[in-house]
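Please look over the sequence and the model before reading on. The paragraphs below are meant to be read beside them.

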Amino acid sequence: MRVRVAKKSDKEVLKFCTNTFEWGDNIDQVWDVWSADPHGKLYVVRSKNNNFPVAISHGTVCSGNRQIWVEGIRVHPAHRRKKIATALIAKTLQYGMRQGAIEASAVVATNNIGSRLMLEKNGFNVSLDGYITQVPSDPIV
Ligand SMILES: CC(C)(COP(=O)(O)OP(=O)(O)OC[C@H]1O[C@@H](n2cnc3c(N)ncnc32)[C@H](O)[C@@H]1OP(=O)(O)O)[C@@H](O)C(=O)NCCC(=O)NCCS
């Protein structure tokens with residue numbers, strides 16, 4: 001499999017990034033930002049059979065280049081358990097290390113067991129359990 005930086009034409013990946021989670025998906029909202037990220041890489045994997053994009057992920061360096069933030073891993077349901085996410089993470093970590101990163105982080109929902117196990121298999125450990133909330137649309141005064 002070949003992991004490479006996404007091109008404009010890879011945007012057709014959005015076709016399978018729609019019902020990923022109960023709430024849908026957000027890749028359509030972040031694709032343009034991620035593909036133009038000067039501090040990161042949006043990677044894609046295409047199918048050997050029909051050349052259709054079957055997986056993506058984004059990594060961006062932060063904390064003064066000391067950390068690589070891994071996000072947006074999506075593997076087409078028909079192509080899971082073929083180590084595609086593993087390959088995307090490896091490529092992202094290589095990129096991060098070239099920039100000087102010494103640590104990689106990701107956030108995953110507690111109930112996303114498959115993703116948690118996949119991250120653990122790739123060397124990640126749980127470091128923080130927390131709560132998030134939506135920022136109110138009206139400013140609090
Ligand atoms: C989670 C996801 C990215 C995994 O992608 P993948 O390419 O299938 O993962 P890999 O093949 O690299 O998995 C490597 C290892 O992780 C573990 N793993 C991966 N998916 C798993 C699952 N659903 N259940 C249990 N373990 C899993 C296994 O140990 C696996 O090795 P094995 O197949 O030899 O047992 C994919 O299922 C997906 O796109 N899910 C929906 C989107 C998502 O949750 N993204 C992550 C958001 S944080």
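This is a predicted model: local features need pLDDT of at least 70, side-chain atom pairs count only at pLDDT 80 or more; totals for chains, interfaces and linings use all residues.

Residues are numbered from 1 along each chain as its sequence is written.

The chain holds three helices and five strands, where helices (H or I, at least four residues) and strands (E, at least two) are DSSP runs numbered from the N terminus. Followed along the sequence, these elements come in the pattern β-α-β-β-β-α-β-α. With a radius of gyration of 16 Å, close to the 14 Å that the globule rule gives for 141 residues, the chain is as compact as a globular protein of that length; the radius is taken over C-alpha atoms, and the rule is 2.2 Å times the number of residues to the power 0.38. The C-alpha trace spans about 55 × 35 × 30 Å along its principal axes.

The five strands form an open sheet in the order 1-2-3-4-5, with mixed pairing, and two strands are said to pair if DSSP finds at least two bridges between them. At the edges lie strand 1 (3-5) and strand 5 (103-105), each of which pairs on one side only. On average, neighbouring strands of this sheet are turned by 30° against each other, direction ignored; axes here are lines fitted to C-alpha atoms, for helices over the stretch in contact, and angles run from 0 to 180 degrees between N-to-C directions.

Strand 2 and strand 3 pair in the antiparallel sense over seven bridges, and the bridge partner of Gly40 in strand 3 is Thr60. These two strands form a hairpin with six residues between them, and Asn51 in its turn has a positive phi of about 65°. Strand 3 also pairs with strand 4 in the antiparallel sense, again over seven bridges, with Ile68 in strand 4 as the bridge partner of Val61. In this second hairpin four residues separate the strands, and Ser63 in the turn has a positive phi of about 50°. Strand 3 is mostly covered, since nine of its ten residues are buried. Strand 4 (residues 67-75) pairs with strand 5 in the parallel sense over three bridges, and Glu103 in strand 5 is the bridge partner of Gln67.

Now to the helices. Helix 1 (residues 27-35) lies across strand 2 (40-46), strand 3 (53-62) and strand 4, running at about 135° to strand 4. Helix 2 (residues 84-99) packs on the sheet and touches strand 1, strand 2, strand 3, strand 4 and strand 5, while its direction makes about 25° with that of strand 3. Contact between two residues here requires C-beta atoms, placed from the backbone, within 7 Å.

Methods
A residue is buried if 20 or more other C-beta atoms lie within 10 Å of its own, exposed if 12 or fewer, and partly exposed in between; C-beta atoms are placed from the backbone.
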